[in-house]
Each structure stands twice: as C-alpha cells, then as structure tokens.
Amino acid sequence: MRGASGLRWLAAALLMAVGAANDHNFHRDFDAVWGKGNARFRDGGRLVELTLDEQTGARLQSKDRYLFGRFDLEIKLVRGESAGTITSFYICSGGARHDEVDFEFLGNVSGEPYLLHTNIFSDGKGEREQQFVLWFDPTAGFHTYSILWNPHNIILYIDGTPIRVFRNNEAYGVPFPTKQPVHVFASIWNAEEWATQGGRVKTNWSRAPFVATYGRYNVSNACVWDAGGAARCSGGGGSGRGGWMSQMMDWWSWMTLNWVRMNYMAYDYCTDRKRFPHRFPTECIIPIGTT
C-alpha cells in the first residue's frame, strides 16, 4: 500500500508539473501596450488575435522580464493578402543600448511566400539581418518559433529546427547580451515603406483587417528577473551539463542548420559586400562553428 500510495503521489506531482508548464494565459501574463482594442483574447486567454487596421496595429508585452531563457511561441500568420504588414515575436531590453532578438514575418501579395526577417541587437548595435523563405505555409496552421538565449549563444528555431545561431564572441570584441533583462513581445504593424519587396508593394487596406493568431507559449525554461535585481531560474537553468543554460549546437544541429542555410536562406548580412565593401563584421569572420 505504501508503494502504491507513493506511485500515486508521484503521478499526481508529474501531472501538476506538466500542467504548470502548459498553463499559459496571454490575458494573465501579457499587457496590451499598444492598440489594446486590437488584441482579442480567446479561449480563456489561451489564444490571442492581434489585428492591424488603418487606425492601429497591436503589441503585447510580457509582465515578467527575463535574463536568459528559452521562449517558445506558436503563431499562425495572416492569410491571403498581407503585403506591407509585419507580424513579430521578439525579446527586447529597451533603452538606447538595448539587446534584442527578432522574428519578423514580412507579408506579401496573395500567392507569394512570406519572408522571415531575423535580427540580433547587442549593446544597441544591430544590422545583423538574416532572411529566410519558409518551407511550409505559415498561414495554414500554428508553427512554433523559439529563441534560446544563454551565456554561450542565441539559437533561433522553427518547429525545433535550428535556423540561426549567434555565438558569444565577446573574447573577439563582439558584444553579447548577458546583463540586461528583456520582455517578450508579440505584435502586428504596418511597415509598407520597406516590408514587401523593398517597399514597392504597399498595404492594400481594402483587405483589412489583417489578423495574426498566437497560440501556446512556453517560458518555463527561463530566469525571471525580480524587482530586487536577481534572477530565479527554472527548467534546468543551472550550470550543470544538459540544461538549457548550457545548451549549445551539436553536430546534428550544425548539419540541420547548414541544410536550412543552403536551401532557404534569402539574405545574410555576412555575405553582403555592398554593405561591407572593405571588411565584414567581426562575428562574420570567425568560423561559425568555432567553440
């Protein structure tokens, strides 16, 4: 009886842990900091629709701030005509010398693919754009977009597939985000001056409103920054091997990343000689797999 009771207790504890990890609620955990009327919470807060119309877009900001973590967010992008619009998921510290990691989905005319625009800012310096054509229809259903940020690297994933890595190369003079806590953001906005085909195609407001839907998110593997300036880490956030805080790319991840780069990368600032005619940025010169 004692053994059976212990097993029942363990099963209940595991169910509670799984439930806590999946207990996401946009209405509880985020604030609508812009375009509040265009953020519609559904299914008890488990879904949120962000809408862009001629008056405004919308932006959500997490109530918590984080110093390192893995941030997973499901998104279903605007269907049909979406030229001029940007749907985004990003982390940002704010301030003039801010740190930021961006997923920005650039809309297009009907029948043409979305372009995924990524960028990484450290100590206020950005202009590290990489763009990708997606290998699936991001409007037909939800897909999971992830940012892993730890002291070693920043890795961007789509449905668990790594698409970009930014290593900590502070030893080579490249700033890396390690000190500023960030909020998590989700937004939709009008960027017709540059978003679609370099701004040649403008937003067709007759097709408004434009609606992007955000589903399940997970920040259970992260360090929450408290008001006293300390971080409480969870989900394997210690210094031991195997946790997200020490996670780096293994050989299979490098192979997958190279497959994505060869087949789906549309632009890489590290190969743009028009922008950098004399010398590429330092992080571009260091071999990407250097440890």
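Student: How many salt bridges does the count come to?
Tutor: This is a predicted model, in which local features need pLDDT of at least 70, side-chain atom pairs count only at pLDDT 80 or more, and totals for chains, interfaces and linings use all residues. Residues are numbered from 1 along each chain as its sequence is written, and side-chain values use heavy atoms, with hydrogens and water left out. A salt bridge is a side-chain nitrogen of Lys or Arg within 4 Å of a carboxyl oxygen of Asp or Glu. By that rule, the count is nine.

Student: Which residue forms a salt bridge with Asp31?
Tutor: Asp31 sits in strand β1 (residues 30–34), and its partner is in the loop between β4 (58–62) and β5 (65–76), 32 residues apart. Strands (E, at least two residues) and helices (H or I, at least four) are DSSP runs, numbered from the N terminus. The closest N and O atoms are 3.9 Å apart, and the partner is Lys63.

Student: Is Glu129 buried or exposed?
Tutor: Glu129 meets Arg275 in a salt bridge, at 2.7 Å from N to O. The pair links distant parts of the chain, 146 residues apart. Buried means under 20% relative accessible area, exposed over 50%, and partly exposed in between (1.4 Å probe, protein chains only). Arg275 is partly exposed at 32%, but Glu129 has 16% relative accessibility, so Glu129 counts as buried.

Student: What is the N to O distance between Glu49 and Arg42?
Tutor: Glu49 is partly exposed, at 23% relative accessibility. Arg42 is partly exposed too, at 39%. Their side chains meet in a salt bridge, with an N to O distance of 3.3 Å.

Student: Where is the phi of Asp123, in degrees?
Tutor: Most residues other than glycine have a negative phi. Asp123 lies in the loop between β8 (115–121) and β9 (130–133), and is partly exposed at 34% relative accessibility. Its phi is positive, near 55 degrees.

Student: What is the phi of Gln197 near, in degrees?
Tutor: Gln197 is in the loop between β13 and β14. Its relative accessible area is 38%, so Gln197 counts as partly exposed. Phi is again positive here, near 50 degrees.

Student: Is the peptide bond from Ala208 to Pro209 cis or trans?
Tutor: Most peptide bonds are trans. Pro209 is found in the loop between β13 (183–190) and β14 (210–225). Omega from Ala208 to Pro209 is near 5 degrees, and the bond is cis.
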